[in-house]
Amino acid sequence: METVLSIQDLSKHFGKIKAVNNLKLDVQKGQVFGMLGPNGSGKTTTLGMLMGVTNPTSGKFLWFGEEPTPQLRRKIGAVLEHPIFYPYLSGQKNLELNAMIKQCPVENIPRVLELVELTERKDDKYKTYSLGMKQRLAIASALLNDPTVLILDEPTNGLDPMGIAEIREIIRKIAANGKTIILASHLLDEVQKVCTHFAILKRGNMIYTGPVDDVGKGSETVEVNADVENFNEVLLTFSGTSSVNRENGVYQVTMRDGFHGKELNKFLFEKGIVVNHLVTKKKSLEKQFLEILSEAH
Amino acid sequence: MLQLLRIDLKKLTSYRTFWIICGLYFFTLGMATASGMEFLKWLASLIEGFGQSINIDRIPLYHFPDVWQNLAWSSGLLKIMLGIMVLISITNEYSYRTVRQNIIDGLSRAEFLYSKITTNLLLSLLSMVLVFFVSLVTGLIYSPSLNWHYMFNGIEFFPAYFLEVFAFLSFALMLGIFVQRSGLSIVLLLNSYLIELIIKKNIDDYVPQVIQFFPLESIMNLVPMPFARYAFQEIQDYVSLPAVGIALVWTFLFNYFSYLRLKKADL
């Protein structure tokens with residue numbers, strides 16, 4: 001596997017505050033890498049350093065195994081925080097300007113405008129765009145030079161549900177083309193839906209990293225319900241039950257290791273109880289995230 | 001380098017404020033320098049009202065070779081407008097945060113600065129060319145006789161005027177990069193002469209010899225004020241090389257300080 005980005009002991013201190021503290025991280029080619037963390041955990045500072053706008057206090061990072069240069073940055077498409085463009089220029093002219101900076105042909109512009117569905121509004125001034133359109137123009141600009149790596153920082157921040165769905169669709173399309181994507185977000189659901197790998201930052205420290213597929217391994221939760229009195233106690237008599245919670249009118253059974261919904265169903269059936277609801281729930285990233293955050297101090 | 005100039009011009013040429021200020025500047029520059037005779041006529045009629053009279057034909061405002069220094073000096077007064085334009089251009093980059101995006105998109109910090117410096121060079125060059133042509137044309141119109149031997153005496157005031165404008169724009173650019181806010185930086189630019197004047201007046205009695213090394217003073221010394229010669233006073237009618245040296249050093253420093261500031265900043 002080819003390492004696209006290798007971060008080695010990267011730190012950024014603002015006075016006493018350690019915004020990023022000895023960060024070590026590798027991103028491989030083709031990964032959709034999610035950077036998770038609460039607000040102020042150092043995501044944007046890290047991405048700022050990777051893109052040359054924030055000077056690191058110490059440590060270094062390599063893009064494609066090389067020391068970072070402006071020439072390398074032109075091959076990386078990045079949207080950090082909110083979209084930034086010249087408000088008095090049209091979308092088209094803003095992209096023309098970016099094409100000049102990235103030294104890529106202006107012929108690329110129609111294609112990226114089409115991808116983000118902004119062709120019709122391209123000649124309107126940027127300041128007349130809605131937030132969703134601004135975000136999409138930012139993604140268009142990031143894709144302009146046909147980059148091999150895409151960095152997106154909270155790309156769905158402040159968008160309405162439709163806008164969020166559109167941006168996710170665009171990210172999936174891009175990922176399907178084999179591009180490496182680094183996505184910073186505090187929206188866990190978003191990371192779970194689009195990412196292959198993720199890392200969790202807390203107060204500048206990386207406290208977890210791994211593939212998204214690993215989430216949900218370990219103990220299972222089964223949601224179950226039946227029209228039986230004292231169902232709670234019946235559930236507790238099952239040898240695979242670790243704990244039972246009643247939530248939203250159904251019972252959440254946390255299973256011991258090695259037990260699954262199938263065994264619970266069998267057990268209840270043998271007891272003469274027919275369930276009217278049974279769902280095996282994978283642990284959501286949100287749960288795991290909160291667990292990891294509360295474990296790390 | 002040319003590519004960087006094109007990038008900065010792309011930002012500016014669709015910006016209405018740029019056209020308004022630059023249009024106003026070059027229009028005023030052309031008109032003001034060309035209408036000196038009208039000004040003298042007005043002055044004469046004013047003095048006549050007091051019962052005195054002057055013969056304006058005896059003031060060779062537009063005669064070769066006087067015209068070069070006269071117009072180069074007068075034009076220098078208007079450079080403050082260009083300075084304000086430069087401040088707006090650079091502080092916009094900070095208020096829109098586009099300086100950050102430009103770096104992210106692949107400009108180096110030095111390249112970003114060069115793009116602004118090349119625009120300053122272009123504006124200085126255009127100013128010089130415009131004033132040169134106005135001088136040439138008015139000189140040809142008003143000079144009673146043309147003598148090729150001394151007609152171009154004092155033409156060195158034009159490179160000096162170019163340096164004067166460029167040094168001042170470099171100063172404005174540095175101010176913008178350090179202050180980053182348009183309103184405050186414009187106020188500071190307008191007051192910078194006053195601030196320097198106060199300092200100069202306070203040290204004049206003790207160390208007058210250092211005054212020529214002050215930054216704005218050094219810019220002013222490039223093209224000395226010529227009009228006192230019409231009141232029969234001795235003037236400096238040449239470009240002093242030490243003055244050029246001092247101004248060049250300051251110009252370099254202004255841009256170098258800008259570079260250091262940009263390099264160190266977290267954008």
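Visitor: Before we dig in, what are the ground rules on numbering and pLDDT?
Guide: Residues count from 1 along each chain as its sequence is written, chains are lettered from A and ligands numbered from 1 in the order written, and side-chain values use heavy atoms, leaving out hydrogens and water. As this is a predicted model, local features need pLDDT of at least 70 and side-chain atom pairs count only at pLDDT 80 or more, while totals for chains, interfaces and linings use all residues.

Visitor: How many cavities of 30 Å³ or more turn up in the whole structure?
Guide: On a 1 Å grid over the protein atoms alone, a cavity is a set of points where a 1.4 Å probe fits but cannot get out; a pocket is an open set with protein on both sides within 12 Å along at least five of seven lines, and lining residues have an atom within 4 Å of a point. Points are joined across faces, edges and corners, and a volume is the space filled by probe spheres set on them. Searching the whole structure that way, the number of cavities of 30 Å³ or more is four.

Visitor: Which elements give two or more residues to the lining of the largest cavity?
Guide: That cavity holds about 80 Å³, and its lining includes Asp8(B), Met85(B) and Lys116(B). Helices here are DSSP runs (H or I, at least four residues), numbered from the N terminus. The elements giving two or more residues are helix 1 (2-13), helix 5 (79-95) and helix 7 (109-142) of chain B.

Visitor: And which helix gives the largest share of the second largest cavity's lining?
Guide: This one has about 60 Å³ of space, and both chains take part, with Tyr86(A) and Tyr88(A) lining it alongside residues such as Lys11(B) and Tyr96(B). Helix 1 and helix 5 of chain B each supply at least two lining residues. The largest share, three residues, comes from helix 5 of chain B.

Visitor: How many residues of helix 5 of chain B are buried?
Guide: The helix reaches 24 Å from first C-alpha to last, close to the expected 24 Å, where the expected span is 1.5 Å times one less than the number of residues. Just after helix 5 of chain B, Arg97(B) takes a positive phi of about 65°. Taking buried as under 20% relative accessible area (1.4 Å probe, protein chains only), helix 5 of chain B is mostly covered, and of its 17 residues the buried count is 14.

Visitor: How many charged residues line the largest pocket?
Guide: It has a volume of about 430 Å³ and 20 lining residues, with Gly36(B), Phe39(B), Leu40(B), Leu61(B) and Phe227(B) nearest its centre. For the classes, Ala, Val, Leu, Ile, Met, Phe, Trp, Tyr, Cys and Pro count as nonpolar, Asp, Glu, Lys and Arg as charged, and the others, Gly among them, as polar. The lining has 14 nonpolar and six polar residues, and the charged count is no residues.

Visitor: Which three residues supply 25% of the area chain B buries against chain A?
Guide: Contact (heavy atoms within 4.5 Å) joins 27 residues of chain B to 28 of chain A. The buried area, meaning accessible area (1.4 Å probe) that two parts lose on being put together, summed over both, is about 2,700 Å², with 54% from carbon and sulfur atoms. The three that supply more than any other three residues are Lys10(B), Ile104(B) and Asp105(B).

Key
Buried means under 20% relative accessible area, exposed over 50%, partly exposed in between (1.4 Å probe, protein chains only).
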